[in-house]
Amino acid sequence: MKKCIITGSNSGIGKAAAQKLAEKGCTVVLACRNLAAAEKTRDEIIQSTGNQNVYAMRVDLSLIADVKNFVKEYTEKYGSLDILINNAADFDLSRKSPLITTENNEAQFATNHLAPFTLTNGLLPLLKKSDDGRIINIASQGLVLYPNIKFDFDNIKGQKNYSPAKTYYQTKLAQLMFSISLKEKLEKTNVSVYAVRVTNVKIDINRYPNLSPFMKSLYKMKSRFSISPEQMAKVYVDLAIGEKQMGFYYDEKLKEVRANKYAYDKDARDKLWQLSENLTK
Ligand SMILES: NC(=O)c1ccc[n+]([C@@H]2O[C@H](COP(=O)([O-])OP(=O)(O)OC[C@H]3O[C@@H](n4cnc5c(N)ncnc54)[C@H](OP(=O)(O)O)[C@@H]3O)[C@@H](O)[C@H]2O)c1
């Protein structure tokens, strides 16, 4: 029975993936910042699948100390891990200025990049013990609209003309850069690293009450062309427990795609890794 952690699994794609993995008999740990929401999801999944091995754990991914605490608690409690899906993300487009955490990091960068970096590295000793460890990181199809995007090392706190959308894509680029470096580092191990290019997937607009009426109507229009979280989650599940794939980055049809050119830049990736290490010490 495979053990799996999915972050941000109380809603959307993460919840749909948790449901499917539980159906397939996996032990699933829902790693969420809102424990009550995670427990509600756990109960629903147990009831609908009959799989009793679904658990809720609390972690606020915007805080590195919390992530480290989660790693410690998980390791002590469960002692093994086969699959880590870094699904959660902060993409609240209603934010007008950077939200700086109590640890002095910009919240989107912390949640979407520094947390997966810390969580993955913290759980690597367990994943390496698995005979088929898998790490799945989540990027976005929206990055295709920015073919020349580069990681802005001078704007990690959103100090220059903050835009939540631009910051979001910076963090998704960082996820790809991190994933490529990680894949290289784990080449000679039993751990596979994949990234998913999530397409336009229906979101629950009620989860974002502070969006402007304009943004709400934009989301409403977008949702006419969206696929369901369940459809997207199928790719998470294929990469998590399906046959090992030889490639790295996959779209919603499980077709291999290229990441942005800059994501492969080794010097930039090494610089980002070093920065991430320094910020999460
Ligand atoms: N939907 C799309 O069209 C789309 C497109 C491209 C990429 N993606 C990516 O797909 C993934 C899943 O998105 P989704 O559409 O399923 O969105 P969603 O339903 O809004 O799910 C996001 C999840 O992340 C969690 N989260 C946010 N901040 C957190 C924090 N500080 N600590 C712990 N958990 C936190 C949320 O928890 P709360 O419930 O507590 O807020 C929620 O469970 C994300 O990585 C997103 O960037 C989505």
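Me: Hi! How far is the side chain of Ser-11 from an oxygen atom of the ligand?
Reply: An N or O atom in the Ser-11 side chain is 2.7 Å from a ligand oxygen. A polar contact here is a pair of N or O atoms within 3.5 Å. This is a predicted model, where local features need pLDDT of at least 70 and side-chain atom pairs count only at pLDDT 80 or more, while totals for chains, interfaces and linings use all residues. Residues are numbered from 1 along each chain as its sequence is written, and side-chain values use heavy atoms, leaving out hydrogens and water.

Me: And what about Arg-33?
Reply: A polar atom of the Arg-33 side chain also sits 2.7 Å from an oxygen of the ligand.

Me: How much of the ligand does the protein cover?
Reply: The protein covers 93% of the 890 Å² of accessible area that the ligand has on its own (Shrake-Rupley method, 1.4 Å probe).

Me: Which element gives the most to the shell around the ligand?
Reply: That's β5, with three residues. Strand β5 spans 133–140 (strands are DSSP runs of E, at least two residues; helices are runs of H or I, at least four; both are numbered from the N terminus).

Me: New topic: at what angle do α4 and α5 pack?
Reply: About 20 degrees, with the axes 7 Å apart (axes are lines fitted to C-alpha atoms, for helices over the stretch in contact, and angles run from 0 to 180 degrees between N-to-C directions). That makes α4 roughly parallel to α5, as angles under 35 degrees count as roughly parallel.

Notes. Polar contact = N/O pair within 3.5 Å; in protein donor to acceptor, adjacent residues only side chain to side chain. Parallel < 35°, antiparallel > 145°, perpendicular 65-115°, else oblique.
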